[in-house]
Amino acid sequence: MRLNECGLAKLVTMAKAGEISPLDVASHVVAAVEARERDLRVFLDFDKDELLQTARSLTDSGDYRRTPLCGMPVMIKDNICVKDKPISCGSRILTGYKSPYDATVVVNLRKNGAIIGGKTNLDEFAMGSSTENSAFGPTRNPWSSEHAPGGSSGGSAAAVAADMAIVSLGSDTGGSIRQPASFCGVVGMKPTYGRVSRYGLVAFASSLDQIGPVTKSVEDSALMLNVMCGEDANDATSLPGAVPDFAANLDNGLKGLTFGVPRDFLEVGMDESVKDNFDKLVTNVQREGARVVDVSMPHAKYAVACYYIIANAEASSNLARFDGVKYGHRTQNDDDIYAMYVRTRDEGFGDEVKRRILLGTYVLSAGYYDAYYLQAQKVRSLVVADFAKAHERCDMVMLPTAPSPAFKLGEKIEDPLLMYLSDVFTIPINLAGLPGVSIPTGLSADRLPFGVQFIGRPLDESTLLQGARAVEKLVDFREKPFA
Amino acid sequence: MPSFETIIGLEVHAQLQTKSKMFCGCSTRFGSAPNTQVCPVCLGLPGALPVVNVKAVEAAVKMGLATGCTVARRSVFARKNYFYPDCPKNYQISQYEHPLCSNGFLHVEGGEKRIGITRVHLEEDAGKLIHLEGDDHSYADMNRVGVPLIEIVSEPDIRSPRQAASYMQKLRTIVRYLEICDGNMEEGSLRCDVNVSLRKKGSDKFGTKTEVKNLNSFKAVEQALEFEIERQARLLGEGRKIQQDTLLWDSVKGESQIMRSKEEAHDYRYFPEPDLLVLDIPESLIQRVDTEIPELPDAKLDRFVSDLGLPKYDAEVLTSSREIAGYFEATAKELGDAKAVSNWVMGEVLRELKDKKIDISQFKILPRQLAALIAEVQSGGINMPTAKDVFRDMAGTGNEAKDIIEKKGLKQISDEGALDAVVVSVLDNYPQEVAKYLAGKDKLLKFLVGQVMKETRGKAHPQKATDLLKEALEKRRGS
Ligand SMILES: [Zn+2]
């Protein structure tokens with residue numbers, strides 16, 4: 001049995017039973033990375049010796065069997081800080097920078113027996129939907145090397161899809177976990193905003209960013225959430241309250257659950273194949289005993305426009321610190337301080353990041369703030385209200401994760417607006433701060449995965465995961481990218 | 001030159017004396033080795049997030065309550081965006097649209113002048129840039145980054161440089177009373193920018209204002225304003241317009257220079273800080289902080305005047321420091337004669353503190369001891385010049401007045417028999433002076449009294465010595 005192909009839940013069970021060791025799993029993962037990294041380019045940093053070494057010492061001590069994650073490796077999107085490791089955020093501007101501290105989520109993972117593995121590729125500062133904005137080149141979709149893995153957590157999704165990882169962490173600001181999970185045929189979960197501490201996640205848009213897992217099953221996502229979530233004294237926006245056992249109700253099935261389908265929002269359009277896949281799933285879900293109701297989300301279609309004002313405004317400020325003064329890249333040509341700033345940032349940032357900083361700076365400028373930023377905040381509250389109303393009628397809203405299966409590398413990179421629209425169904429969820437999970441729901445004629453996402457009530461990941469798990473069983477997606 | 005009215009508003013920054021910084025756990029200690037009090041949060045390292053220091057919030061609420069402000073139950077932190085190497089995130093976390101405190105006031109000029117306070121809000125301090133002579137690099141010390149500040153913005157109610165300095169002094173007194181800021185302007189824990197404009201007398205429209213920055217003493221506030229008012233008056237007098245510039249005061253040269261023009265003014269692109277929640281202030285916090293506010297200088301002054309019968313001037317001097325006022329009050333309570341104590345505290349005590357550059361907590365004479373010394377004078381045990389010598393001895397040694405008087409044999413000689421003998425010998429020793437006095441040179445009496453004091457090594461009761469001398473001289477006139 002190739003252990004790297006197994007899910008987290010299964011490996012944990014086997015490890016607890018003493019059937020396998022962390023070293024066994026790490027060895028299989030390393031072998032897969034060595035075999036596939038050249039083609040897929042998933043990792044920005046991968047230290048196989050360190051991974052094996054850590055797995056070996058855990059195995060020798062035997063302590064791993066008393067921890068929830070049993071010494072299993074977790075790959076980390078390279079915008080999450082790991083102590084003493086380089087962190088690039090897919091950008092040249094952080095050249096040479098190593099984080100002096102662990103992100104809270106990394107601390108939590110370590111505490112619960114995970115081994116922190118390699119750092120995965122992403123669009124620069126998580127800005128993008130294909131990993132093509134990475135300064136270090138795109139990751140390939142394991143299902144088709146000509147296709148994008150989605151983004152920005154494309155490396156994390158591809159790693160799990162290609163069995164180069166058991167699980168990985170992504171970050172989701174406008175769909176950056178769910179859309180690549182959908183493109184790569186894996187499960188991607190964005191918890192409620194504030195569920196997982198953002199401390200140590202390099203901020204793109206602070207009011208939207210949320211860390212979440214990419215896994216091979218809904219159950220694996222639940223296990224990950226169990227160790228990732230919780231209030232953090234270092235993150236003022238993290239949410240108080242007890243963290244339930246997300247795995248407890250997983251197998252309660254479809255019965256008694258109500259799914260809401262926002263027909264008005266679906267009219268924004270999608271590929272015919274996506275629509276077919278989605279509609280069939282809705283029918284199936286209903287046939288298997290769940291209630292399906294129409295809900296209305298009249299403001300969701302404005303979410304993309306609203307998002308690109310709010311996210312870019314916050315980004316323009318969040319990315320101001322990358323200036324060549326303290327760390328990372330600094331221009332050679334630094335004769336005066338302002339010229340130094342300009343040249344450093346011109347050399348260090350890629351086109352998409354510059355575009356967003358410019359847009360964000362513009363919408364916050366005197367005379368424009370009210371028309372853009374304030375207006376966008378109003379729209380945001382309307383989107384929040386849409387969901388709140390929808391959730392009065394259903395336990396979870398159901399939407400395609402993306403309007404198309406994976407697109408080709410190069411296909412949209414020259415047209416930012418077209419690229420932005422690939423997140424049309426994921427963005428509203430971030431604006432509303434709700435939990436959302438994408439699961440694979442089939443393959444296109446070209447053998448590219450479809451994904452459907454479920455959107456739960458605030459902090460009710462348990463019900464959400466129960467529903468997603470039931471649909472997952474129903475779909476029974478067993479395809480693999482490799483023969 | 002037409003007569004102008006001066007309109008002044010002040011923006012004062014006060015560093016709060018919290019143990020840790022505004023948004024992280026680093027120490028706020030002043031004077032440590034550069035970059036030793038820093039962490040990922042205050043350095044703005046990638047991924048770090050701010051967390052509000054509740055102690056700083058309480059200090060700001062205290063200031064708000066002490067200056068009659070309304071404390072907002074919900075206020076909002078905002079980012080002020082600008083690029084400068086003293087600001088590691090390239091934005092400062094401050095408050096903008098919804099400040100913590102607003103609509104307050106304070107009084108200056110003995111309660112005659114009320115100056116409105118627009119707002120008191122919380123923010124974080126920037127770092128310090130160090131430029132060394134002959135070195136083409138600049139260095140940054142980030143120890144100060146993130147130290148909590150309150151910014152106190154006044155209404156444009158101030159009408160003269162003198163008034164501006166009084167306002168500033170009053171603010172310092174208040175923050176010291178509240179023990180939220182040490183008020184040390186040299187170390188920069190209290191800093192001030194001024195806005196100033198002129199308008200024709202009788203006009204109700206404001207003229208174009210300029211801002212003068214970098215005023216780190218009361219003198220600088222006054223001088224910079226005088227300089228700027230004169231400059232604006234000259235320009236207006238010549239029929240020219242005032243440009244809305246920001247100026248930098250150079251206290252060495254005694255002049256200000258334009259730092260940036262309106263065109264170069266920053267657009268700070270304020271927006272609500274998404275890393276922090278709305279700052280909720282529970283009513284219970286406001287109530288608790290309110291109980292922690294000590295008697296403030298104005299109330300104390302009133303009480304010193306009405307209850308202790310002090311002249312207003314005395315009360316004003318004594319209440320300018322909470323510690324001095326406390327020392328005075330304790331001493332007055334011991335002695336039961338407030339005015340006598342006030343004279344001593346305002347004279348000898350303050351002089352001693354100034355000479356030795358110490359504050360009252362380091363002063364060796366306890367209130368009880370000072371009261372005992374004054375009592376010695378009042379009972380005639382020693383005379384005033386002797387008392388001042390004893391005071392200096394006490395200030396150095398901390399010994400009791402009684403012991404010093406005894407040990408040094410300083411007890412006043414009031415005994416007429418003993419003094420008589422001295423008087424006779426002085427008159428015998430200075431026959432020429434006696435003759436001149438008797439011929440009408442009254443002034444020589446003082447000389448003769450001096451000789452008596454000299455003979456008794458200062459211990460003679462001055463009045464008694466004078467009386468006895470006069471008596472003896474009159475006798476000689478008759479003989
Ligand atoms: Zn710090």
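Me: How much space lies in the second largest cavity?
Reply: This is a predicted model, in which local features need pLDDT of at least 70 and side-chain atom pairs 80 or more, while totals for chains, interfaces and linings use all residues. Residues are numbered from 1 along each chain, chains are lettered from A and ligands numbered from 1 as written, and side-chain values use heavy atoms, without hydrogens or water. A cavity is a set of points on a 1 Å grid over the protein atoms alone where a 1.4 Å probe fits but cannot get out, and its volume is the space filled by probe spheres on those points, joined across faces, edges and corners. For the second largest cavity this is about 70 Å³.

Me: Which residues of chain B line the second largest cavity?
Reply: Lining residues have an atom within 4 Å of a point. Chain A supplies residues including Leu201(A), Arg321(A) and Phe322(A). From chain B come Pro46(B), Gly47(B), Ala48(B), Leu49(B), Tyr91(B) and Asp275(B).

Me: Which residues lining the largest cavity are closest to its centre?
Reply: The largest cavity has a volume of about 100 Å³. Of its 15 lining residues, the closest to the centre are Phe23(B), Val41(B), Pro50(B), Lys89(B) and Ile93(B).

Me: Which residues coordinate the zinc ion?
Reply: Donors are N, O and S atoms within 2.8 Å of the metal (3.2 Å for Na, K and Ca). In sequence the donor residues are spaced C-x1-C-x12-C-x2-C. Through SG atoms at 2.3 to 2.4 Å, the zinc ion is held by Cys24(B), Cys26(B), Cys39(B) and Cys42(B).

Me: Are Cys26(B) and Cys42(B) buried or exposed?
Reply: Buried means under 20% relative accessible area, exposed over 50%, partly exposed in between (1.4 Å probe, protein chains only). Cys26(B) and Cys42(B) are both buried.

Note on methods
1 Å grid on protein atoms, 1.4 Å probe; cavity = no way out; pocket = protein on both sides within 12 Å on 5 of 7 lines; lining within 4 Å.
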